[in-house]
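The entries below follow the order in which I looked things up.

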Amino acid sequence: MRELFEGVHAQRRALTLLLSGLVVLALVALRGMPSSILPEVTFPRVKVIVNSGELPSAVMLRDVTRTLEESIRRVPGVTQIRSTTSRGSAEINLDSRWGTDLNLTVQRVQAQIEAARTNLPAGTTVDVRLMNPTLFPVIGFSMTSDHVSLAQLRDFADLVLRPELSRLPGVAEVVIQGGRRLEARVTLDPIALESRGLDPASVADAVRKASTLQSVGLLETNAQLYLGLVDGRPRDLQSLDSLLIPSPSGTPVMLGQLGRISLEEAPEFQRYRANSREAVLINLLRQPSASAITLSDAAYRWFAENKARLPRGVTIQTFYDQSDLVHASVGSVRDSLLVGAILAVLVIVMVLKSARLGLAGAVVLPASIALTILGLVMAGQSLNMMTLGGIAAAVGLVLDDGIVVVEHIAARSAGEHPVGRSQAMAEITPTLVGSSLCSLAIFLPFVMLGGVTGAFFRVLTLSMALMLGASLLLCLTLIPLLSPASGASHHQGRGAQGWFRKALDHATEQRWLGVAAAVACILVMIPLYLTLGSGFLPEMDEGSLILDYISPPGTSLQETDRMLQEVEKEIGAMPEIVAWSRRTGDQLGFFITEPNIGDYALRLRSRHRRGADEIADDLRAKIAETQPALEVEFGQLVEDIIGDLTTTPQPIEVRIFDEDRAIGEQKAREVADVLSRVPGVVDVKNGAVVSGPNVTIAPRPAVARTGKTTEDLAQNVTAAVGGTDVGSIARGARSWPVRFVLPRPTGLSGAEVMGAIAIPLGSGRVRLADVASITTTPGETEIQRDNLRTMVAPTARLSGRDLGSAMGEIQRRVRQRVALPPDASIQYAGQWAEQQSSFRGLAGVLLGAVALVSLILLVSFKSWPQSAAVLLVVASSLVGVFAALHIGRATFNISSFVGAIMMVGIVSENAYFLVAAHRAALHQGLTPPQAARAAALRRARPVLMTTFAGVAALAPLAMGVGAGSALLKPLAIAVVGGFVTSAFLLLLVLPSLLAGFGGRTSEA
């Protein structure tokens, strides 16, 4: 082994060049590495959006949703189908097993939809998409102006911004929302129609036939080939005005004689606002492999370089930018790197009195990061919160390896029998490799972890495994090159050992103390765990908030807009909110949305502000005071994205299954009332989303006696209500739709407007109320189904309370206060269900990690007692994990669970060195207590050095410095607590256990 390290030293120039080249290559790769908030994970969910005009919910369910559900159910691999049916539209979510070929699944879903299309109503459109984070905008801009009309802003966005921004690197789609569209409106004159014996339906049919473009074939003549076209399309408003309409009298009449033709803004049932005025919103979606930072920078650069192309008086403002959070994550890694490198140098220099050894220990860190980046590039990963978080979380472990090697070289190069660095490396290499395998082994079970936890944390553990693997390689190659050949100070002075030696002597002599201390730690750990709050994902402050709102069912768009403008006054009064955008009748993402539903995207100030939860609580209270009719719900985009891609965004969802919708909705209201009374539960929704009221027109027999059909009646009423589309006027790259309308009766409200509409019937015109019965029915509720079962699902969020205790109280109260019919059932879902599934998976990972570490210990030491002593210390160290989570006011969530799993590797790695030293002392003829004391005294310095450096390196993450650190803050807190506790356990408890039970060096 010594000859190997001497050969490495002989090739130090080539090795230095190789490592330098790899670092440079990593820097080059880093510049081209894609970046995003979340890993490039395609979630096993396919979403189908169906539109069928304005069919009632019950008809949609019968004719569309059930037809598609039964057809799609045949697709292999689909495990769950959840649908929401509303007036004229349906949303169907298909969940598959993780690992399914989703591209093939989408193709099969599309094939099943095509097979069922003949059974769907005419005009039904279906859109199928894979659900992944790229469906949500990376960056959003608002475009407003006090001088330029909304129609002009929309045209500029469609004709200039969309094609220009689509060419930016990494842009998959540019979604334009808001503004106004112009239409050629023909306001028909009922008297003019009646005097010529015409009705709106016949005029509309005549215009459609006259304004067609039709090919008549190819004509070959004069050595050329001509395409023959018949084009009756109007070129402008004047040609539309002069379009001839046949009349019963035989004399055609110009369209302009039948009404007034004008260019107007088309009616919109959606509103988009920003900066307290109506706006056009520009949303940029990225390609799956693209970089959010590169895309964001390119977009900012385009607007900066093309200011002159913007219409005068137009303001462009950013209301959302994902790259802010990516930059924060990079900042967290940078802080951990700087703190770790500085502290490594300080610890080594102060303890070992050697600046060169300090440099050797510190240089391992940036070199390990460089090699890790190369590994991530080769694995096809991006820079995201998980890969960057894995690098930051591994900083302490990398320093651990470097400090151990440097300290060993220093110890063996001084003292009574100094040896050279090659000999020192030969001595420590087997132990270093074995201990490193203990740390690396804990990451192997993560490969088997499924669900969203596995999708995200497999990426994190890949980063950490690459960091530790690179660290091991560099400790064996780079540190020996940078370490001095001899002469390092080695102060293992008596003064430093005083109290510690006395405590150690007592622990090894009274061998029961080790067992008692370990048992005491485990007993203390139990109440600490049971009293610790639990959650799913850590609470994050992303620098933005999503405010969802619902106005009362049936509220007009104008009234909803008025209410929301009052909300915007409260938003404007919040100093932490620097920009916002609003959608009404639409939402961020890919969903069906009622006209009274929408959301705000609120961008928060980056520094010197309250937390996002505190801002949300304040704004929620003000909205409840000023606009009590609005239902609001606050969330953050990343956690909502994860929720939308898995189950639901809300932490709490209670599903009530009953085929009787009335009973289901009643029980849902009872559950919602229970939820609203639980402390810490906010934003409660009863799950019943109600559309506006319906006005139903039923023709009387008198209509049929005049020879008119129900379809004829509907066509004539349409012109007076929504208008009739009859074609378009081409205007270069744009077109103006042509729409016929009849003037509505004035001075009436509600269904009276319908009844007063004059329609042609027989030889004259009559009021609609005279030939049809008109009834108004309350709004319909959306129909939700889960695996073909009808359900209603109340939801809620949390404020100032952990998920586990809240769900425990909710389940207890629901059992006490909500009595379900025999054929009804209840299921608790939402993020709580994901948490339970994730915890079961992580528990399996923990058991797998313990099993692998046990195997490594048994292979290395061939001793059950010594291996058991290490595992007992590992279990005892978890008391520090739970105590630190209590002190840091963190919950036990998937992040802190991963931190607890990491402690299995960290503690077993450090314990490996001590057991190896104990075994070496036994081979020298010492008794077990003497060997245990000698091993503890030898390992005291490196254990304390690595503990201090590891805790300090994780301090930026544990303190939550930067928005990007929030996801891994609980993990860092857990590891810091385990680090601190393990120092005591390794130096006092483990020697006591070894003195009592680890006397034999080999045991079958």
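Helices (H or I, at least four residues) and strands (E, at least two) are DSSP runs, numbered from the N terminus.

Before going on I noted that this is a predicted model, in which local features need pLDDT of at least 70 and side-chain atom pairs count only at pLDDT 80 or more, while totals for chains, interfaces and linings use all residues. Residues are numbered from 1 along each chain as its sequence is written, and side-chain values use heavy atoms, with hydrogens and water left out.

Confidence. I looked up the pLDDT, the predictor's confidence in each residue from 0 to 100, and the chain averages 87, with 95% of the residues scoring at least 70. Over residues 492-496 the pLDDT is below 50, and beyond near neighbours in sequence this stretch has three contacts in the model, a contact meaning heavy atoms within 4.5 Å.

Overall build. I noted 31 helices and 32 strands in the chain, whose C-alpha atoms fill a box of roughly 125 × 75 × 55 Å along the principal axes. Of the 1004 residues, 55% are buried, where buried means under 20% relative accessible area, exposed over 50% and partly exposed in between (1.4 Å probe, protein chains only). Among contacts with a separation of 6 or more, 81% are accounted for by residues 24 or more positions apart.

I then turned to helix α5 (residues 150-166), which bends by about 35° at alanine 157; the buried residues of α5 include Ala157, Phe156, Arg154 and Glu164.

Threonine 372. Leaving aside neighbours within four places in sequence, threonine 372 is in contact with Ile391, Ser463, Leu466 and Met467.

Aspartate 189. I located aspartate 189 in the loop between β7 (182-188) and α6 (190-195), and it counts as partly exposed because its relative accessibility is 34%. Not counting residues up to four places away in sequence, aspartate 189 touches Leu258 and Gly259, and its C-alpha atom is separated by 10.0 Å from that of glycine 256, 67 residues apart along the chain.

Phenylalanine 984. I found phenylalanine 984 in helix α31 (residues 969-997), where I put it down as partly exposed because its relative accessibility is 43%. Phenylalanine 984 and leucine 944 are 40 residues apart in sequence and 9.5 Å apart in space, C-alpha to C-alpha.

Cavities. I looked last for cavities, each a set of points, on a 1 Å grid over the protein atoms alone, where a 1.4 Å probe fits but cannot get out, and noted five of 30 Å³ or more. The largest cavity has a volume of about 70 Å³, a volume being the space filled by probe spheres set on the points, which are joined across faces, edges and corners. Its lining residues, which have an atom within 4 Å of a point, include Phe136, Arg286, Gln322 and Ile641.

Technical notes. 1 Å grid on protein atoms, 1.4 Å probe; cavity = no way out; pocket = protein on both sides within 12 Å on 5 of 7 lines; lining within 4 Å. Bend = angle between axes of the 7 residues up to and from the residue.
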